[in-house]
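Please read this briefing alongside the sequence and the model.

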2 protein chains.
Amino acid sequence: MTPAINQRVLLASRPDGLPRPDNFRIVEEPCPVPAEGQLLLEILYLSLDPYMRGRMDDAKSYAEPIALGAVMEGGTVARVLVSRHPDYAVGDIVLSHSGWQRYALSDGAGLHKLDPAAAAPSTALGVLGMPGFTAWAGLLQIGRPRPGETVVVAAASGAVGSAVGQIACIQGARAVGIAGGPDKCAFVRDELGFDAVVDHRAPDFAQQLASACPQGIDVYFENVGGKVWDAVFPLLNDFARVPVCGLIAQYNALPQAGPGTDRLALLMRDVLKKSLNIRGFIQREFADLRPAFLQQAQEWVRDGRLRYREDIVEGLEQAPAAFIDLLQGRNFGKLVIEVAPL
Amino acid sequence: MTPAINQRVLLASRPDGLPRPDNFRIVEEPCPVPAEGQLLLEILYLSLDPYMRGRMDDAKSYAEPIALGAVMEGGTVARVLVSRHPDYAVGDIVLSHSGWQRYALSDGAGLHKLDPAAAAPSTALGVLGMPGFTAWAGLLQIGRPRPGETVVVAAASGAVGSAVGQIACIQGARAVGIAGGPDKCAFVRDELGFDAVVDHRAPDFAQQLASACPQGIDVYFENVGGKVWDAVFPLLNDFARVPVCGLIAQYNALPQAGPGTDRLALLMRDVLKKSLNIRGFIQREFADLRPAFLQQAQEWVRDGRLRYREDIVEGLEQAPAAFIDLLQGRNFGKLVIEVAPL
């Protein structure tokens, strides 16, 4: 019953800029055997998310860096393969944080049982999981869009952005998405029902964004940074709210400014003049709201008001390349590695 | 009874950088005569505040610019000299927004009667007025210091900063003030009772600030910007709150950055990594809390927990020079022009 060999993806070296395949090392090790009180989990799905780039650095952040030689961390959906734990039976499907590997031990801490009949288990990593909750909490607790206000979000076909825009529409706000390329833009407009969408690859992107926001921007849900932020910033209205949950455009390298006006001072000037509110957050801060989110989001998914798209890549050994693609916006929808068939 | 001549200070030209005396023009005009329903006010005190620098520019902000040739605006305490209004009697002392002049008409809109027996009328322009309310609202509604947390404020001997630090102490937080020169620093520490004070003129200012904040900074009440913000920024703790009510260091000119790292991107990185909350505000936003503030602040002033210092300059014709000094930190306490004796 217990497999002999475990496959794991380790952090081999810290990236300098965009990660390269050799920053990862795929190893085979003996599969661990559960002791009394433990479970052996078979990973089915591994979530790949931009925040993982930060963990690969050796810098203080809201989470500890991944140690060199340690397994890459990440959220997972797994099946209980062996149980020596009273609360779990063989075959149970659980949400865990087991990282980039095929098998993992657990003592039950932090596990959540999933009901495959209620929702496809992979959604626990996306629309009904951490990305969906990030969107929900950041938009409703910090952004607080009012009916008729304009909400802008980038990476609008992605796990977080797609939920932000749709939840904004549910609140009666006007959702403007930013995405890269005609396919993603069409999806955001036609499938997700955003009020407008702008392609950030267009040479006149900033102008197009301004045209798409004739009343200015009341909420900018920041998950990318870089040139999108540069285009959004002048359009912010008085009392605009900017929840910041990610800055994927500057994870690999901070943009270098030329000589000239200090943009930090410009930012602060507008913070003052426009009474802006810029607030970084991580979804953990709102953990007590998670049950309320789950109930609401499940309902919205069921009645078709909250749609999602998954980009499922088969095989754990594809994880490094898929992650590198993710950081360059090459995925289309929530990126999930299918480690083993459901 | 009615004086023949009114003296007024007009905006003669828009300043380029620090205002110069010739940006103002002092004129004498016939004193206006109140019609039925109007009052003639004799200005006793004129408040000079940093925000007025912004109004001298021709740029969009939360308030309209002052028109060229118009009287400089500002909060005032005045005596009713002639009343053709049923609610006011000759001799009443009122808070008004009559600007830089000796006499002004009013139809009663926006006037508040003051009780000279309850508090010195000049305090309605300082500790019990707009600056005190700015401190109270920004600190308690946005900063929300918890007991034991570290609150930092600059211009700590000034109208807003002195109140911020003392209210922080009343909340059980640790107040660290920043001021310029030994006299102001001694006043902040010994008279106002801040827990620590740092002189921003010290060559090792940033290091001294770090030493004064061994547990980092939880609330930075931003009213100056510039090099103080540069020193504060790396010391901000996770979940730090930064209410922004002023940036006096950059009102005259935005600091110019050399080539190199874009500090805007650095700021946003820390906003994300530390879940910072940066929020510009003006006290008007919290107008419905003004009665609660007044009640609490009057009590604190009476029992000596909220002290204040006024820097009273005699003569309306001194206002331009005193205002230029204010922008360079040359005042010591709340700057008020005594236009006429009480």
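At what angle do helix α2 (residues 130–143) of chain A and helix α3 (residues 159–170) of chain A pack, and how far apart are their axes? The angle is about 45° and the axes are 8 Å apart; axes are lines fitted to C-alpha atoms, for helices over the stretch in contact, and angles run from 0 to 180 degrees between N-to-C directions. This is a predicted model, in which local features need pLDDT of at least 70 and side-chain atom pairs count only at pLDDT 80 or more, while totals for chains, interfaces and linings use all residues; side-chain values use heavy atoms, without hydrogens and water. Residues are numbered from 1 along each chain as its sequence is written, and chains are lettered from A and ligands numbered from 1 in the order in which they are written.

- Helices (H or I, at least four residues) and strands (E, at least two) are DSSP runs, numbered from the N terminus.
- From α2(A), the residues A:P131, A:T134, A:A135, A:W136, A:L139 and A:L140 meet A:A159, A:V160, A:A163, A:V164, A:I167 and A:A168 of α3(A), where contact means heavy atoms within 4.5 Å.
- By class, this contact of α2(A) with α3(A) has eleven nonpolar residues, one polar and no charged ones (Ala, Val, Leu, Ile, Met, Phe, Trp, Tyr, Cys and Pro count as nonpolar, Asp, Glu, Lys and Arg as charged, and the others, Gly among them, as polar).

**Strands in chain A**

- Strand β10 (residues 196–199) of chain A is covered on both faces, with A:A196 and A:V198 buried on one side and A:V197 and A:D199 buried on the other (buried means under 20% relative accessible area, exposed over 50%, partly exposed in between, with a 1.4 Å probe and protein chains only).
- Strand β9 (residues 174–179) of chain A pairs with β10(A) in the parallel sense over four bridges; two strands pair if DSSP finds at least two bridges between them.
- A:G177 has A:V197 as its bridge partner in β10(A).

**Loop residues**

- A:A155, in the loop between β8 (150–153) and α3 of chain A, has a positive phi of about 50° although it is not a glycine.
- A:A155 is partly exposed, with a relative accessible area of 37%.
- A:S275 lies in the loop between α7 (263–273) and β15 (277–280) of chain A, and its phi is positive, near 50°.
- A:S275 is buried, at a relative accessible area of 4%.
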